[in-house]
Amino acid sequence: MENQYDIIIIGSGMGGLVSSIILAKEGLKVCVLEKNNQYGGNLQTFVRDKVIFDTGVHYIGGLEKGQNLYQYFKYLGIIDGLRLKRMDEDAYDYITFDGDPNKYPHAQGYDNFVDQLCVFFPEERATIQKYCDKIRRVCDSFPMYNVEEGAPYDQSVLSIKAKDYLDGLTDNEDLKLVLAGSNSLYGGNGEKTPLYVHALSVNSYIQSSWRCINGGSQISKLLVRQLRKYGGEIFKHQEVNEFIYDENQLIGVKTKKDKIYFGKQFISNIDLNATIKMVGEDRFRKSFRKRIERLEVTPSSFSIYIAFKPKSFPYLNHNFYHFKNKAMVWQGTNYDPAKWPEGYMASMGVHADDQKYAESMSVMTYMHFSEVEQWADTKNTVAHKDDRGPEYEAFKQKHIELLLTELEKKFPNIRESILSVYASTPLSYRDYIGGQKGNMYGFEKDAENPMKTFISARTKISNLFLTGQSVNMHGMLGVTIGGFVTCSEILGKEYLINKIKDEVNETVKP
C-alpha cells in the first residue's frame, strides 16, 4: 500500500496545508507534495546575516479570541502554539503621502478606528462611521468569512467598485485616499477592484492586528506538525509534472524524480494554468480553458530586505503605506516605470515581545513582470540553483538604490543603521511561490464582470479539486477559508461548519 492515499494534495501553500489537516482529521490517508525546500508557499522565510525575513506574511488579522481566523486556527489546532505580538492598537498602519506631514492611522477596533481618524477629520465622524458599518455589512454577506453556513455570497455586493463607493461616501478627497491607503494588500485598482475585496481584506485587521514573532513560517511548521499528528504525510522536493489516468479515471501523479503517488481524490494548490496543462487541456471544456487563459493576474512586487546593525534603529510596531503622489492610491498597479517607485509598504520583523530595536525591515512596491521579462527563462531557488547573470544583479542593485532613496525621505538617517540589503523581484516570487508572472494575489477581481474570476473548487474531473488564492480570496484568511471551502465540497458544507462550531464552541460576535 506504499504511495497509495485517499487524498493527494499538490502544493503545500496555506490552502493545501489547511485542506490536508481538515481531511486527515476525518481519518483519511493524506499526502502533500511540495516542489520547494520549504513548506508553506507565502509562509516561507529566509535568513540573511542571522536575521529572519518573511517572504509574504507581514501581519495577520482576526486572531483575537472569537474572531474569524482565530476560530479556523483553533479548529486546525495551531492557535495555542503561535508566537504573536499585537501591533499598536491606535495605529497598526499609517497612511502617508509626500508633501503631507500627517501620519493617518488605521486603528484596531471599529470604535477606535473612527476615533483615531477623527483627530484628522473631525467633521467626518458620521462618514467614517458609515464606512465602518458598510465594511461589516459587506463581510456579513459572506457566511464562510464569519464561520457560518449559508448561501456563498450576496451577488449584489460583487459588482460595487471600491473606489465608486468611496467617491459616493464623501467629497473629502484626503479621507477617501486614507481609507483606501492600504489597498496594496489586494492590488487595488480604481477601475476594477470590487468593494467586497477591500472589505474582506481590511476588516480582519481592524478587528485585531498581529505580527508573527520570528516569522510566518511558524504557521506552516505548526500545520505540518498537526498533519503528521493525524497520520498525514508530506514530502518536499517532489514537484508534480504529470497526472496519471486509467482510461478516463485520474488515479495518480508523477513527480520530476519519477516517483508515482496513487490516490482516490486530488487537490491542486498550485497555479491554475499549470494545473490545466498537467491535467491535460483536452480534459477541460474549451470555454473554461480560454476563460482562465484570458484572466489578468494582479501585479508582482519588488521587495528589499534590510538587516540593521545591532541597537541602531528603533523597532516600530506598525506599518507604513506611503505614496509619492496621492493619485497613485488607486493607480499604483499602473505605475510609470520611469517614475518607479510610486509608493511602498514598509514593515518590520519582530523577534521578541518586548523588542526595542529593529533587526529588520521589509519594503515592498509594485513591479510588473515585464520589467524582468528578459530573464524569464531562468529559474533560481534553493532546490534549483541558477545564476541569472550580472545584468540581473545590476538591475536589482539599481532598484534597491531607488527604493532606499525614497525610504530616506521618511527615515533620513536609515542608511547609517543598515548592515545589509537584499532584494527579490517578480522572478523570485514566481520561482518560490509558483504564481503566474510572480503575481501576489492571484487573478485580478473585476466589479464590472464579477463572475469572470469565480473559480469553483470542484472541477469537471470528478475526483480533482482546487484550492489556493486564485480559487477563493488571497491572504492568510482568504486561503484558509478557501481550504475549508474546498474540503466542504468533499465532506459537505453543513457538516464541516458544524464541526468547527462544535469543536471551537464559540461563535464570531457581530
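Buried residues have under 20% relative accessible area, exposed ones over 50%, and partly exposed ones lie in between (1.4 Å probe, protein chains only). The structure is a predicted model, in which local features need pLDDT of at least 70, side-chain atom pairs count only at pLDDT 80 or more, and totals for chains, interfaces and linings use all residues. Residues are numbered from 1 along each chain as its sequence is written, and side-chain values use heavy atoms, with hydrogens and water left out.

**View A. The ring pair of Phe97 and Phe323.** Both residues are buried. Rings of Phe, Tyr and Trp (its six-membered ring) pair if their centres lie within 6.5 Å; planes under 30 degrees apart count as stacked, over 60 as edge-to-face and the rest as tilted. The structure holds 23 such aromatic pairs. Here the centres are 5.8 Å apart and the planes stand at 25 degrees, so Phe97 and Phe323 are stacked. The pair links distant parts of the chain, 226 residues apart: Phe97 in strand S7 (residues 93-97) and Phe323 in strand S15 (residues 319-323). Strands (E, at least two residues) and helices (H or I, at least four) are DSSP runs, numbered from the N terminus.

**View B. The cis peptide bond between Trp340 and Pro341.** Its omega is about -5 degrees. Pro341 belongs to the loop between helix H12 (328-331) and strand S16 (343-348).

**View C. The positive phi of His237, which is not a glycine.** The phi angle of His237 is about 55 degrees. This residue occupies the loop between strand S10 (233-235) and strand S11 (240-246). His237 counts as partly exposed because its relative accessibility is 27%.
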